[in-house]
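Q: I have a sequence and a structure to look at, and I would like to learn how to read them. Can we go through the features step by step?

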Amino acid sequence: MSGKTGDERPAANSQPPPEAGLPAATGSRRPQAPVRRLSSRRRFLRSAFLIGGVLGLAMLGYVPVAGAHRTRLRPPGALEESDFLASCIKCGQCVQVCPVAAIRLDDIDSGFGVGVPWIDARAQACDFSCDAVQCVLACPTGSLTYRKPAAVLTRPGMPLARAPLLKAKAKDPEPTLNLPERMGIARLSRPDSCLAVQGKGFRGQARGADFRGRLRYVERDRWRPVAVRDHPYERDLCNLCVSECPIGDAITMLATVAADGRRQYQPQVLEQCVGCGVCEMICPVDPAAIVIAARQPWEG
Amino acid sequence: MSASERLRVMFGAAPQKPERITPAAQQVHQLKRMTKADFAALKQHAHDHQLVNHKWRNRRWAVLILVNLLFTFSFWLDIQMLEGSLTASRFVGFHLIDLNSALQVMLAHRHVIVNLFIGTATVFVLWVALGGRSFCSWVCPYHIVAEWFEWLHLKLAARKLVSDHEFHRGARSVLWFAFALLAVLSGYTVFETISPTGILSRALIYGPSLALGWVLLLLVFEVLYSRRAWCRYVCPIGLTYGMVGAISPLRVEYRLEHCFHEGDCRKVCLVPHVLDVVIKGRAAELKTPIGPDCTRCGLCVDVCPSGALVFDVKGLNRLL
């Protein structure tokens, strides 16, 4: 529309078409005015600071990683820590599929670990109530995997001697869990506070009335995990870590007879322990007598 | 502007005046010069009758909010439509993986599994079709938040309480290479640590985090010191999608004949260097596609009083 109206009446005071037919002025470079030069130098410096600042702040993420001030328990099937942080795309799909909501995402105070999944076993352990290790299936980058690529590191003591037997699947034709490596290893780190060591039993809610953690009790519901507080115990000798362990042959109650003839008990972690953390979650004393040494190998 | 020059501008080069202007375009430029009084009257007329219109902005905000809510509700209500977050997700089972996050992971980990490849390829094809940086303005949650804070910046700037400090746009290209290099050298996805896109997306889905403090800091920086600094001068995600957008048929097109050269479009634009062509005398042709750095946000389309900027799909007219 503008073109058409322009045709009708050429303006009287218009200059003669100056460079009709000529190409437009090319970007001929005049020397910059001093003010322009100063402002462009300032802009350059500012930009250099911006680049340095952004890179510096991003690299600050290395500090918590290098310090390793937290040894997080990673979900089952996780690669070794440095490979895990490299390959995790921080999407949280593992969080979404976990039936007991054991997996949570780390925050920025973990530096490069921001958005990376971990498990606080004491609050909610992985009890394998999904049977198939759903988080591994959900992972789009292979950070959690059934089968490690040959190139990535495998530490001695991390692979399991044989496929772990899932007690809940004991009657299934395929009773094992597809998990070639352990997440960590359970350790009776406070034997003095262990009720079994003291020869005591346990009655009531394992973790009190306010505890929100859930666990699969196969005899109650094969598929739906139940709140631990809704499943009170009555044991003459506390053996919750042994009875609730979801894995076969991972922990046993060692009974010995002392010199004075009294029977003594102590839970003993076996090589098949995958480090899922159910024992740590269910341990009724506070702090837990048995805890997971995250990402630690079996040392025999 | 040639396609290669549009690319150079995206990486940080200053737009240049055209070497050659087609005769048709020259004629339009001349007509506009010769009829100055008429031109001014027309301009006034167009202005008086301008419909204040937020069509594209409203559509875009609706899409952006819906996409992000779909992520959130897929998890909260367990409807499993769009599982994951913006860095990687599954849309009714199909893997989708953010291109920049994929790049960081591939460079840091140097092992690409099938799902990662499939998801990345899907998203690549998707954004080639949808315009590359349209990811920024139509999906990225930081974009909309920054847009709201930009309004505050402009208010304060109008009262001369703050002023916009520009950076060299090449900074983003430097940072893109630096983050790629850091991923290779350190073996960590360094950029993800500070990516407000990832942080916000995860916060919307999995709940608030301390990391939001960093996002707030960025917003304060943008309000007080430099308008839209993150999206303009820093974010490598934008450049990654910009490169995809370079081959996308979906773009905004500039039509010289309709333009009054008022520059309203450049005032609202996140990336005004792509609109260099609207400056009087710059357009080399009657129709010019806007460069790949354009986020296809449509603010210029909304603000133009005379319809000189329109959404266009390359080759669609010929097809129809």
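Q: Is B:Arg228 buried, exposed or partly exposed, and why?
A: The general idea is to count C-beta neighbours: a residue is buried if 20 or more other C-beta atoms lie within 10 Å of its own, and exposed if 12 or fewer do. This is a predicted model, and in it B:Arg228 has 18 C-beta neighbours inside 10 Å, so B:Arg228 counts as partly exposed.

Q: Where is B:Arg228 found, and what is its phi?
A: B:Arg228 is in the loop of chain B between α12 (212–224) and α13. Its phi is near 50°, a positive value in a residue other than glycine.

Q: Which residue of chain A also has a positive phi without being glycine?
A: A:Val133 has a phi near 55°, and A:Val133 is a residue other than glycine. A:Val133 is found in the loop between β2 and α6 of chain A.

Q: Does the neighbour count make A:Val133 buried or exposed, and why?
A: A:Val133 counts as buried, because it has 23 C-beta neighbours inside 10 Å.

Q: What does the count say about A:Ala132?
A: A:Ala132 has 12 C-beta neighbours inside 10 Å and therefore counts as exposed. A:Ala132 lies in the loop between β2 (117–119) and α6 (134–138) of chain A.

Q: How far is A:Ala132 from A:Pro232, in sequence and in space?
A: Sequence distance is counted in residues, and distance in space is taken here from C-alpha to C-alpha. A:Ala132 and A:Pro232 are 100 residues apart in sequence and 28 Å apart in space.

Q: Which peptide bond is cis?
A: The angle to look at is omega: the bond from A:Asp286 to A:Pro287 is cis, with omega near 0°. A:Pro287 sits in the loop between α8 (278–282) and β10 (290–294) of chain A.

Q: What span should helix α2 of chain A have, and why?
A: Helix α2 (residues 34–59) of chain A has 26 residues, and at 1.5 Å a residue it should span 38 Å. The C-alpha atoms at its ends are 37 Å apart, which agrees.

Q: Which residues of α2(A) are buried, and what do they pack against?
A: The buried residues are A:Ser47, A:Leu50, A:Ile51, A:Val54 and A:Ala58. The buried residues of α2(A) pack against α9 (170–186), α10 (190–194) and α13 (229–234) of chain B.

Q: How many residues of the two chains are in contact?
A: In chain B, 65 residues are in contact with 52 residues of chain A. On the side of chain B that touches chain A, the largest share, six residues, comes from helix α2 (residues 23–34) of chain B. The residues of that side divide into 30 nonpolar, 22 polar and 13 charged.

Q: How many helices and strands does each chain have?
A: Chain B has 17 helices and six strands. Chain A has eight helices and 10 strands.

Q: Why is chain B called as compact as a globular protein of its length?
A: The idea is to compare the radius of gyration with the value from the globule rule. Chain B has a radius of gyration of 21 Å, close to the 20 Å that the rule gives for 320 residues, so chain B is as compact as a globular protein of that length. Its C-alpha trace spans about 60 × 45 × 40 Å along the principal axes.

Q: What share of each chain is buried?
A: Of the 320 residues in chain B, 48% are buried. In chain A, 40% of the 300 residues count as buried.

Q: What share of the contacts comes from residues 24 or more positions apart?
A: Among contacts with a separation of 6 or more, such residues account for 74% in chain B. In chain A they account for 70% of the contacts with a separation of 6 or more.

Q: Why is helix α14 of chain B described as largely enclosed?
A: Nine of the 10 residues of α14 (residues 236–245) of chain B are buried, so the helix is largely enclosed by the rest of the structure. Among them are B:Pro236, B:Leu239, B:Tyr241 and B:Val244.

Q: In what order do the three strands of the open sheet in chain B lie?
A: The order is β5-β4-β6, and the pairing is antiparallel. The edge strands are β5 (287–289) and β6 (309–313), each of which pairs on one side only. Neighbouring strands of this sheet are turned by 35° against each other on average, direction ignored.

Q: How many bridges join β4 to β6 in chain B?
A: Five bridges join β4 (residues 250–255) to β6(B). One bridge partner can be named: B:Tyr254 is paired with B:Leu309 in β6(B).

Key:
Residues numbered from 1 in each chain as written. Chains lettered and ligands numbered in written order. Predicted model: local features only at pLDDT ≥ 70, side-chain atom pairs only at ≥ 80, totals over all residues. Pairing = 2+ DSSP bridges. Helix = DSSP H or I, 4+ residues; strand = E, 2+ residues; numbered from the N terminus. Axes fitted to C-alpha atoms, helices over the stretch in contact; angles between N-to-C directions. Expected span 1.5 Å × (residues − 1). Contact = placed C-beta atoms within 7 Å. Nonpolar A, V, L, I, M, F, W, Y, C, P; charged D, E, K, R; others polar. Rg over C-alpha atoms; globule rule 2.2 N^0.38 Å.
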